[in-house]
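Reader: I would like to learn how to read helix packing, sheets and chain contacts in a model of this kind. Could we go through them in turn?

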Amino acid sequence: MSSSMLASAELAVPRLVVGSTRRAAVGAALLACACVLGLLESSLPPLLPAPWLRLGLANIAVVAALAVAGRRTAVIVAMGRVFLVGLATGTLAGPVTLIAGAGAVASVGVMCLLESFGTRYSMLGWSAAGSAAHVLAQFGVAAVLLRSSALLSLAPPSILIALCLGAGVGLLARTVVSRLPSR
Amino acid sequence: MTRADRLLVAGIAIAALLAWPLAAVAASNDAQSAVIAGPAGTSMLPLDTDTTVAVEGHLGSLRVRVEHGSVRVVGSCCPNHVCVKTGAIRAPGSVVACVPNGVTVSIGGSDDVELDARIR
């Protein structure tokens, strides 16, 4: 099977959403998954030698939402997760949530843009590019908050690591989506 | 992964690789000192003198230690302690950030900020 046929098969995911009730149920389930994965990840030890980076496990739910329920649900899952995890960890009013929110906006924005090209980009591509955008936005906001452009020197190596982690997350999301019931 | 995916990822990776040395150079003007920037102002610590100083942040105090030409945050009141886990830095342009406290510690890279104090 050629790579283009593989990509078409991979993206030929039947949208689960056929009505507003179904959309709300799928969105809520994926939002719950994103929150659990986000909280689970926050309890894992840091990724040395870059302890400021995260695996991005919660993005599995966002990529899956984009694949099976569309852009609107993906945005709700991404932003809802930032709000709920911030609320649960007590960091909602602090700079950490502001940085996480900026990363989520950039990430889901880039992924929605790539999804709009149809079958040209796969879930791996969405996730890898979204992960890189997430890191770049976070460093940008952190540099503004801390008034230090020195922080941006960490961005290029972090983006390279984020590309690999994002592709891994995309692979996991593709596996999850392939096992979802079509009806 | 589609061909477009591979091109996209390669493009981002090349852009990051090209930006890497530029970002490091921009952040390192003077590699002889550690620059500590925070809510209380900006100060410099010479790297050739071992010392430990307390730095006030938004949440409380951090302890920053200069030792054998490197600098690290050895204690912080922040929730996740990412700054402590980052460990010691010594290369020009390297940086440790404690976002909850609003404090950065970098090697050189005065960042065009006028210094409030020089610590000896």
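Author: Axes are lines fitted to C-alpha atoms, for helices over the stretch in contact, and angles run from 0 to 180 degrees between N-to-C directions. Helices (H or I, at least four residues) and strands (E, at least two) are DSSP runs, numbered from the N terminus. This is a predicted model, in which local features need pLDDT of at least 70 and side-chain atom pairs count only at pLDDT 80 or more, whereas totals for chains, interfaces and linings use all residues. Residues are numbered from 1 along each chain as its sequence is written, and chains are lettered from A and ligands numbered from 1 in the order in which they are written.

Reader: At roughly what angle do the axes of α3 and α7 of chain A cross?

Author: The axis of α3(A), residues 59-69, comes within 9 Å of that of α7(A), and the two cross at roughly 50 degrees. Angles under 35 degrees count as roughly parallel, over 145 as roughly antiparallel, 65 to 115 as roughly perpendicular and the rest as oblique, which is why α3(A) is oblique to α7(A).

Reader: Which residues make the contact between α3(A) and α7(A)?

Author: Two residues are in contact if their C-beta atoms, placed from the backbone, lie within 7 Å. Among those that meet here are A:Ile60, A:Val63 and A:Ala67 of α3(A), and A:Leu172, A:Ala173 and A:Val176 of α7(A). With Ala, Val, Leu, Ile, Met, Phe, Trp, Tyr, Cys and Pro counted as nonpolar, Asp, Glu, Lys and Arg as charged, and the others, Gly among them, as polar, this contact has 10 nonpolar, 2 polar and no charged residues.

Reader: What is the strand order of the open sheet in chain B?

Author: Strands of a sheet pair through backbone hydrogen bonds, either parallel or antiparallel. Two strands pair if DSSP finds at least two bridges between them, and in chain B an open sheet of 3 strands has the order β3-β4-β5 with antiparallel pairing. β3 (51-56) and β5 (70-76) stand at the edges with a single partner strand each, so one side of each is left without a neighbour in the sheet. A hairpin of 4 residues joins β3(B) to β4(B), and these strands pair over 6 bridges.

Reader: How many residues does each chain give to the contact?

Author: Chain A gives 33 residues and chain B gives 31 residues. On the side of chain A that touches chain B, the largest share, 8 residues, comes from α6(A).
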